[in-house]
Amino acid sequence: MVRFDTAQGHRLIALFTLGCLAVWTTASAQPDPRDIVERIDRLMRGDSSRGVATMQVVTEHWERQMTMEMWSLGTDYSLVRLRAPAKDAGTATLMAEDDIWNYLPKVDRSIKIPSSMMGGAWMGSHFTNDDLVQDSQLIDLYDVEVAFDGERDGESVWELRLTPKPEAAVVWGHIEFLVGQDDDLPRWARYYNEDGELARTMEYSEVSEFSGRLVPAVMNMQPADKPGERTTIRYEELEFDIDVEQSFFSLRTLQSGR
Amino acid sequence: MGFGATPRQTVERQIALAMSETPWSRIGWRNLGRNRKRTVLTAFGLAVGFFAVVFIVGWTQGLMVEMVESATSLVNGQIEIHDAEYRPDRSIYDTIGGRNGTDVDALLRAIDAEPTVTAAAPRVYTGGLISSGQATSAGMFMGIDPVREMSLSRFLDPLVEGRLPESGRNEVLVGEEMARQLSVGIGDELVVVASGADGSMANDLFTLVGVFRTGLVELDATFAVMAIADLQTLVVLPPERIHEIAVATTDPWIAGATAERLGSVLPPADRPIEVVGWTTLNPAMVEYVALGESMNFVIIIVVFTIAIFGVANTMVMATYERRREFAVMLALGATPGSVRAVVLYEAVALGVFSLVLGAVITFPLMVWFHNAPPDMSWAIADVTLMGALLSPSLRVEYDVLFWIQAAVALFATALLASLIPAWRAARVPPADTLSAL
């Protein structure tokens, strides 16, 4: 019914960071999921980034392409600003800790997304506000185990299974990640609802080098119940460990249009 | 015996002839006067029973009528017309007639032409956010045609404050609770954000021009009302794309039939149109009303079952006292049937008297509680039930059929209670009874 949209860049960066976790897990033949989690955590907390990406959203009713610039700091802060199309240019999303704010240039106002709307779609995409915030906190919210370690489709992979901690308020019943052992990059993530049914699938592809790191440049999110719909994000630029202060992730920056 | 040769039937006929001048009914009626206190008390028992069932049922029906009325005229119509796909997801894209929309004016004309239709109003709905300063609420936006809407739904009349939105000026009304949560007053600017039908992030500033109160907390906290054209502009829908036409008819209970007729006369559209009455949209309420009606009989049975013992007690006493009288009647040649008839006529007379008494007690109160029901809001807050708002008044509804049923039940009670005493009176042994003098 209500399909309002919020900020998304954090999720991208968070998911992306999950991709990077593989880099850290290569050494161990018997991967310890706790160890992986801690390394992700360390990695994500220490990380900052800036990137430019295009987001293509295909729905039953319309198709849109947006260009956005995004910054992140650790797991708690990120800022995404639309650069195109012209109608929406300047629209921006700030995630600071658990809050999400949207800036609307047309009315020159920032509005905070109420908690009841965190399940709403971000910018009409197949991402929700909630999984932005929650994906940056996967390790706090989920228990991780290696569900599979071996060959699949001629490739050595780990399958990680993320199960919500008992007290965690999350929307997914569980999440599965498939990580390649050779390149330590994610192949896909599958999100299951509480009944154990597949709700959506994220696929990572086109591994490319950005700032000396190999990362998937394309992420494709597909809802299970609408086969014709998808949201595809393609990184055009991506740099890591940039010089950015926490003060950058403020309402002032959000409203400045920078 | 001197009568030995006389055929018994002849005597009976003679007595019957004699008695027809002063029929059993008169004897029965007169017997009521033998112990007036007792008769009045018994009659009061029945009369209060009659009053109780008529009043309780009248009040229940008053609640039902109010519930149905509230559910079908406060915000919703008695009939809703949608795209066949609209319910239950209520997607912004499922407009009447599909992607190309429909000729709204032609549709409204066709609906208005239906004789039982009293009002029809087009609506556009979408969800979104509404924000003022630091405060933001999730909202359901409702685009209305103010003139048509006022003849259909009640929730905008009267307003808590302010006025209706004017088209083309980005004016909005919100519920009382939303106004409180957003800390806004008339004249304040609100940011309205929604998903555009083209996928864009629709947003604009609206001016708050009015505050409404439905009494349904959820509605008052989430609904924001604007002119239909302004909402269409906001979410990038052309004027011919609307989500709903709400329709009112002369009587909620003909809505289903009217919906069926409308379904067959509406102009054809690209996609199937669904015309549904509230009885389909809110089956729980229909069941609840049916349950209430079946309760009527439970109430009748309970009340008159209690009454039956009181009346039976009286009749047993009254007939026991008159054993000698019955013995004399029988000794004089009255048949047992006549004696039974006397007692039963007495019961009928008691019934008539009770009914008159009951009517005298009941109907002035019914008229009072129907036309000027006491307002109980000082004691009980408004109640929300299945999406309907019930005000705590004790308004009763008239139901002549039920009154007749209650009157029949009253007579049945009096007669049933008299059956055993009547049979026993007819079997009084004349010689033994009289010799016991």
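Partly exposed means a relative accessible area between the buried limit of 20% and the exposed limit of 50%. These legends describe close-up views of a predicted model.

**View 1. Tyr398(B) and Trp403(B) pair edge-to-face.** At 35% relative accessible area, Tyr398(B) is partly exposed. The ring centres lie 5.7 Å apart.

**View 2. Trp368(B) and Phe369(B) form another edge-to-face pair.** Here the distance is 4.9 Å from centre to centre. The angle between the planes is 70 degrees. Trp368(B) is partly exposed, with 47% relative accessibility. Phe369(B) is buried, with a relative accessible area of 11%.

**View 3. Four aromatic residues of chain A form a cluster.** Ring pairs link the members: Trp71(A), Tyr77(A), Phe248(A) and Phe249(A). Over all chains, a search of the whole structure finds 12 aromatic pairs.

**View 4. Arginines lie over aromatic faces in chain A and chain B.** Look for Arg200(A) over the face of Tyr191(A), 4.4 Å from the ring centre. In chain B, find Arg340(B) over the face of Trp423(B). There the distance to the ring centre is 4.5 Å.

**View 5. The largest nonpolar core holds 104 residues.** In soluble globular proteins, nonpolar side chains tend to be buried together. Which residues touch the most other members of this core? They are Phe177(A), Ile81(B), Ile111(B), Ile130(B), Val174(B), Ile245(B) and Val247(B). Zoom in on Val174(B). Leaving aside neighbours within four places in sequence, Val174(B) is in contact with residues including Ile130(B), Leu190(B), Phe212(B) and Phe223(B). Ala179(B), Leu208(B) and Gly210(B) are also among the contacts of Val174(B).

**View 6. Another core, of 47 residues, lies apart from the largest one.** Its members include Val54(B) and Met315(B). Ala422(B) and Ala426(B) are also among them.

**View 7. Chain A meets chain B.** How many residues does each chain bring to the contact? Chain A gives 26 residues and chain B gives 30 residues. Between them, the chains bury about 2300 Å². Carbon and sulfur atoms account for 60% of that area. Eight residue pairs are in polar contact across the interface, with both residues at pLDDT 80 or more.

**View 8. A salt bridge joins Asp198(B) to Lys87(A).** Their side chains meet at 3.3 Å, N to O. The count between chain A and chain B is three salt bridges.

Technical notes. Residues are numbered from 1 along each chain as its sequence is written. Chains are lettered from A and ligands numbered from 1 in the order in which they are written. Side-chain values use heavy atoms; hydrogens and water are left out. Rings of Phe, Tyr and Trp (its six-membered ring) pair if their centres lie within 6.5 Å; planes under 30 degrees apart count as stacked, over 60 as edge-to-face and the rest as tilted. Buried means under 20% relative accessible area, exposed over 50%, partly exposed in between (1.4 Å probe, protein chains only). A charge sits over a ring if NZ of Lys or CZ of Arg is within 6 Å of the ring centre and within 35 degrees of the ring normal. A nonpolar core is a set of buried Ala, Val, Leu, Ile, Met, Phe, Trp, Tyr and Cys residues joined through side-chain atoms within 4.5 Å. Contact means heavy atoms within 4.5 Å. Buried area is the accessible area (1.4 Å probe) that two parts lose on being put together, summed over both. A salt bridge is a side-chain nitrogen of Lys or Arg within 4 Å of a carboxyl oxygen of Asp or Glu. A polar contact is a pair of N or O atoms within 3.5 Å; within protein, one must be able to donate a hydrogen and the other to accept it, and residues adjacent in sequence count only if both atoms are side-chain atoms.
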